[in-house]
Amino acid sequence: MRTATYFFIFLNLSLAMFEEPAVYPLPFLVTSVVEVLCLLVFFGRLTHFAKVTFRDVFWKDTKNICIIVAILLSLTDLAIYGILRIYNVRSVRWSRIVRPLFLINFAESRQIRRAFRSIRNTLPEITYVFLLFMFSLLMFSLMALKLFGERNLQTAEGLPYFKNYLEIVFDLYVLVTTANSPDVMMPAFDFSSWYALFFIAFVIVNTYIFMSLFLAVVYNNYKKHLKVTFGGVN
């Protein structure tokens, strides 16, 4: 029963590769039949669990409620999508985001649920560090707008450089990961080498200090909560 449950959960999650838009598109009828089959298996597994559990205990368990809601949402979305498809109305399968709930909430997924609970308990404790990092990012973005916004600089593609505040925030956020380094800095550096000081300060503060601090806080708190929940039974 556990192997069958995991197999159909994996099959249900794998449908994202074959549903439009897909990496390997299959006809809608094929994917919909497979999804209905998976949902029937999930419902049968839940029914079997309800037969060996006291009714009050079954309905008080939020895991069972989540599975029921996920099944109903998936069937409703599938029916709406199929009807709209008949009338050539383009839509999106929004219920795909609830599919991981099956992986988390079945009784067989105890270890995954413990890890998920540890992540959930860690999030509030890293909020302050994250907000402090975002405040630093927003302040550096504002300084970048004031420094480069009126210089009429252009990127290598000929686009305006650091003219829009939200685009600056995104570029500097990506720069924290060093993914767009040094491309994002070169237009300012070509205009004046002194502007390198701004980016050096930004990288030191946000990449080397805040990212290291953020990673340390996440790791320590996650490890703490994982130890607490390791002995749980849910």
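**Close-up views of a predicted model**

**View 1. Helices H2 and H4 are therefore roughly antiparallel to each other.** In this predicted model, the axes of H2 and H4 come within 11 Å and cross at roughly 160 degrees, and an angle over 145 degrees counts as roughly antiparallel. The crossing in which H2 passes H4 is left-handed. On the H2 side the contact is made by residues including Phe28, Ser32, Glu35, Val36, Leu39 and Phe42, while H4 contributes, among others, Asn64, Ile67, Ile68, Ile71, Ser74 and Leu75.

**View 2. Helices H1 and H2 make a left-handed crossing.** The axes of these two helices, H1 and H2, come within 10 Å and cross at roughly 145 degrees. From H1, the residues in the contact are Thr5, Phe8, Ile9, Leu11 and Asn12, and they meet Val34, Glu35, Leu37, Cys38, Val41, Phe42 and Arg45 of H2.

**View 3. Thr5 is a buried residue of helix H1.** Thr5 lies in helix H1, and at 3% relative accessibility Thr5 counts as buried, because the cut-off for a buried residue is under 20%. When residues up to four places away in sequence are not counted, Thr5 touches Phe42, Arg45, Phe106 and Glu108.

**View 4. Glu19 forms salt bridges with Arg93 and with Arg96.** In the bridge between Arg93 and Glu19, the distance from N to O is 3.6 Å. This pair links distant parts of the chain, with Arg93 in the loop between helix H4 (62–86) and helix H5 (100–105) and Glu19 in the loop between helix H1 (2–14) and helix H2 (28–51), 74 residues apart. Both Arg93 and Glu19 are buried, and Glu19 has a relative accessible area of 5%. In the bridge between Glu19 and Arg96, the closest N and O atoms are 3.5 Å apart. Because Glu19 lies in the loop between H1 and H2 and Arg96 in the loop between H4 and H5, this pair ties together parts that are 77 residues apart in sequence.

**View 5. Arg93 also meets Glu35 in a salt bridge.** Here the side chains of Arg93 and Glu35 are 3.1 Å apart, N to O. Arg93 lies in the loop between H4 and H5 and Glu35 in helix H2, so the pair ties together parts that are 58 residues apart in sequence. Both Arg93 and Glu35 are buried. Salt bridges that share partners join Glu19, Glu35, Asp77, Arg93, Arg96 and Arg99 into one network, and the structure as a whole holds 10 salt bridges.

**View 6. Leu166 is an exposed residue of helix H7.** Leu166 lies in helix H7 (residues 165–176), and at 66% relative accessibility Leu166 counts as exposed, because the cut-off for an exposed residue is over 50%. Leu166 and Asp77 are 89 residues apart in sequence and 34 Å apart in space, C-alpha to C-alpha.

**View 7. An unreviewed UniProt entry lists residues 5–224 for "domain: Ion transport".**

Key. Residues are numbered from 1 along each chain as its sequence is written. This is a predicted model: local features need pLDDT of at least 70, side-chain atom pairs count only at pLDDT 80 or more; totals for chains, interfaces and linings use all residues. Side-chain values use heavy atoms; hydrogens and water are left out. A salt bridge is a side-chain nitrogen of Lys or Arg within 4 Å of a carboxyl oxygen of Asp or Glu. Helices (H or I, at least four residues) and strands (E, at least two) are DSSP runs, numbered from the N terminus. Buried means under 20% relative accessible area, exposed over 50%, partly exposed in between (1.4 Å probe, protein chains only). UniProt positions are given in the numbering used here, feature names are shortened, and annotations may be inferred rather than shown by experiment. Axes are lines fitted to C-alpha atoms, for helices over the stretch in contact, and angles run from 0 to 180 degrees between N-to-C directions. Angles under 35 degrees count as roughly parallel, over 145 as roughly antiparallel, 65 to 115 as roughly perpendicular and the rest as oblique. A crossing is left-handed if the near helix is turned anticlockwise from the far one by less than a right angle, and right-handed if clockwise. Contact means heavy atoms within 4.5 Å.
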